[in-house]
Every structure is written in C-alpha cells, then in structure tokens.
Amino acid sequence: MLRRALPTISSSEITPESTYLTRMTRRGLLRAGAAALGAGALAACGADAPPPTASSDAQTAGPIRPTPDPRTPTASRQQDELGGALTPYASVTGYNNFYEFSTQKEAVATLARDFNPSPWTVTVGGLVSNPRTYDIDDLRKFDQEERIYRLRCVEAWSMVIPWLGFPLARLLREAGPTSQAKYVRFESLNDPKRFPGQRDRLYQWPYVEGLRLDEAMNDLTLLATGVYGRSLPPQSGAPLRLVVPWKYGFKSIKSIVRIDLVDAPPTSLWMAANGREYGFYANVNPAVPHPRWLQDSERRIGELARRKTLLFNGYEAQVASLYAGMDLARNY
Ligand SMILES: Nc1nc2c(c(=O)[nH]1)N[C@H]1C(S)=C(S)[C@@H](COP(=O)(O)O)O[C@H]1N2
Ligand SMILES: [Mo]
C-alpha cells in the first residue's frame, strides 16, 4: 500500500538527501533554540564552502604530487554484460556524490582537483590474525583487473563504469579474519583541511560504511584503484574506494583509510544521519520504495528514457543466495 500511495516522479524532482537533511536539521536546531548557530552551520555547507587551498600540510607531505595520468581513458569493452553502453568518462568523473567535497554533484570535480592522495596508507585491523598498515603502493601486489559494473545511486540515477581493482576478498584473506569477525567496517579519510565538506557538521564524519563478512567476501565486491584504465581521480575516491555493485551507491565508500573486522553491524554515516531512510543492507530492490520516492525505475546518465531497476541491480544470480530467507523489505 505504501507503494500505491507514492506518485511516480521523475528523478529530477527528488529532493536530494542533503536538502532534506538540511531542512530536518534546521528544524531540530530551531527547536533547540540554537537558531544563530544553525544559520552559521548551514552557511558553511556544501558548495558554499571555499575550495581547498595549499595548506601547511603540503610542506610536511613533501613535493609528492601525482603526475597527471597521460594515458587516455580506455576500457577493454564498451558495454556491460547486459548490453548497456559505458557511461562516458566525462560523466563518470564530472557528476559525483562525494560529500566531503560538496553536496553539489557538478561541483565535486573542481573542488577535488588539488586533492593529493599521496602519501596514503590503509590500515587493516580489528578481529584479524595479521593486522597491517599498507602503503597504497603495497596494494599493487594484488593483481588489478577491469570490472565493468552498473552503479545505481539511491537517488534513482545510474551509470555503467569500467573500474580497475581487485576483489576485497584477497585483502581480507591476507588479514585472516578470526572466528569472531562477522562484519567489515570501512572508514574514509577524516581531514577537514583537505575536505571542505567536512566543515559541514550536519554529518558525523568520517564517512563510514559496513558489509556483512560474506558480502565482503563475495567475488563482486571490489576495491577499486582506477577507472577507465587510469588511476582514480580524486572525485572518484582516490586512491582506493569500495565498489559493491548490487547495493545502492552510498555503500561504495571512497578514499578509504581503515578497514576493520568487527563482530557487530557497523553504523554507517547514512544510518546515523537518517536510519529510517538509509539502512545497513541497501540492496538495490525495485519492490522496496525509499520512503520519499519509488525505486522501480532509474535514469541512466546519458539516456533519455527511464530504465526499469533490476533486483540486486542485475546481479541476482551472484548474490541472491546471500539473502535466502531474509525479508528484504524489513532488512532494507
Ligand atoms: N567517502 C564517501 N564515499 C562515498 C560518498 C561520499 O559522499 N563520501 N558518496 C556515495 C554515493 S551516494 C555514491 S552514489 C557513490 C558515487 O560514486 P561516483 O561519484 O564515483 O559515481 O559514492 C559513494 N561513496
Ligand atoms: Mo548515491
């Protein structure tokens, strides 16, 4: 019945997560009698924030600047396995959700231009027998492969993206989860000096995401280091991001610095911000509407007609068994 009550709306009419949260938080702050504080906090958010400047960190970090990648963006195939054309490189790297920079998708690439993802380390710890801090270059030993995946944002738009990376399972096997490890918790870099969007206190930084251990071990779950045959540009989550193609895009956490094996479901940034709308599982499911819009169709970036949204984003054969016997509407 919930479904029938919801009108079919085009994705352009959907209130972005950020606008809604801003409104909700403003009400909350006003109720708390903190109107002045609220106004200040709102003015600091999203695209209004100044672009990052060369900070004093640049000195301690040394002269290391990633040299612009001279290779032209290329992929080994031009379609996904369902015949969907690759989304052009310009859209993949020009229309981004990355709230650490901005809540405005078209502003992210410009704000991220001078972000230097080197040096960078990723610490793997928690309930593992071999905890270790990897330099990003150490991760090269995991052979990189190309994976063409659909990315379906919870806001009802999608892309087809040729990632470079390696299955997360390889890294987790090296870490050696103990028998108590049941979930994986991922954390993005927390550095308001380099991420202007983190001055926006509406969110509990750093960005956190989580997977069940068996989801994390599934062969589809990728740690991406590149896109279109090149290393990831900052706006895409340099130097290392997760890609979980059967879940809404917000699970695919960018610019990861920590991966911990844990015994309880981690609370993600989005669960903390609005757990009623954004759950732990976030599996793409056309039959389970978001509380404010339907999820049965989507706008493929670059196409005119809407497409039908597929259960598990079209990866049902690979992942449905993970959820056997679960109520997918309750475990949203
Ligand atoms: N750290 C971090 N990771 C993030 C986000 C973010 O704001 N911060 N946005 C998520 C959302 S909502 C989506 S749809 C995808 C977008 O990835 P893309 O910009 O590479 O298409 O990244 C996800 N990962
Ligand atoms: Mo998203």
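In which strand is Glu209 found, and which residues does that strand span?

Modeller: First, a caution: this is a predicted model. Glu209 is found in strand E6, which spans residues 208–212. Its relative accessible area is 0%. The cut-off for buried is under 20%, so Glu209 counts as buried. The side chain of Glu209 has a polar partner: Lys251, whose side chain makes a polar contact with it at 2.7 Å.

Next comes the loop that holds Phe250. That loop runs between strand E9 (241–243) and strand E10 (256–262). Phe250 has a relative accessible area of 8%, so Phe250 is buried as well. Phe250 and Tyr278 are 28 residues apart in sequence, while their C-alpha atoms lie 9.2 Å apart in space.

Now the ligand. Lys254 places a polar side-chain atom 2.7 Å from an oxygen atom of ligand 1. Ser252 works through its backbone: an N or O atom there lies 2.9 Å from a nitrogen atom of ligand 1. Arg241 has a side-chain N or O atom 3.0 Å from an oxygen atom of the ligand. On its own, ligand 1 has 540 Å² of accessible area, and the protein covers 99% of that. Where does ligand 1 sit? Ligand 1 sits in the largest cavity.

Glu155 has its place in the loop between strand E3 (145–152) and strand E4 (157–167). With a relative accessible area of 5%, Glu155 is buried. Its side chain has two polar contacts to report. One goes to the side chain of Lys105, at 2.7 Å. Another joins Glu155 to the side chain of Trp157, at 2.9 Å.

Then the backbone. From Ser118 to Pro119 the peptide bond is cis, with omega near 5°. Pro119 is found in the loop between helix H6 (108–112) and strand E1 (121–126). From Ala238 to Pro239 the bond is cis too, with omega near -5°. Pro239 lies in the loop that links strand E8 (230–231) to E9.

Positive phi values come next. Ala282 is not a glycine, yet its phi is near 50°. It lies in the loop between helix H9 (269–274) and strand E11 (297–300). Ala282 has a relative accessible area of 4%, so Ala282 is buried. Phe312 also has a positive phi, near 50°, and is likewise a residue other than glycine. Phe312 is found in the loop between strand E12 (307–308) and H10. At 4% relative accessibility, Phe312 counts as buried.

Ser231 has its place in strand E8. At 44% relative accessibility, Ser231 counts as partly exposed. Ser231 and Gly165 are 66 residues apart in sequence, and 9.7 Å separates their C-alpha atoms. Ala320 lies in the segment after helix H10 (316–319). Ala320 has 28% relative accessibility, so it counts as partly exposed. Ala320 and Trp246 are 74 residues apart along the chain, with C-alpha atoms 9.8 Å apart.

Back to the starting point. Glu209 sits in E6, is buried at 0%, and has a polar contact with Lys251.

Key. Residues are numbered from 1 along each chain as its sequence is written. Chains are lettered from A and ligands numbered from 1 in the order in which they are written. This is a predicted model: local features need pLDDT of at least 70, side-chain atom pairs count only at pLDDT 80 or more; totals for chains, interfaces and linings use all residues. Side-chain values use heavy atoms; hydrogens and water are left out. A polar contact is a pair of N or O atoms within 3.5 Å; within protein, one must be able to donate a hydrogen and the other to accept it, and residues adjacent in sequence count only if both atoms are side-chain atoms. Accessible areas come from the Shrake-Rupley method with a 1.4 Å probe; for residues, only the protein chains shown count as cover. On a 1 Å grid over the protein atoms alone, a cavity is a set of points where a 1.4 Å probe fits but cannot get out, and a pocket is an open set with protein on both sides within 12 Å along at least five of seven lines; lining residues have an atom within 4 Å of a point. A molecule sits in a cavity or pocket if more than half of its atoms lie within 2 Å of its grid points. Helices (H or I, at least four residues) and strands (E, at least two) are DSSP runs, numbered from the N terminus. Buried means under 20% relative accessible area, exposed over 50%, partly exposed in between (1.4 Å probe, protein chains only).
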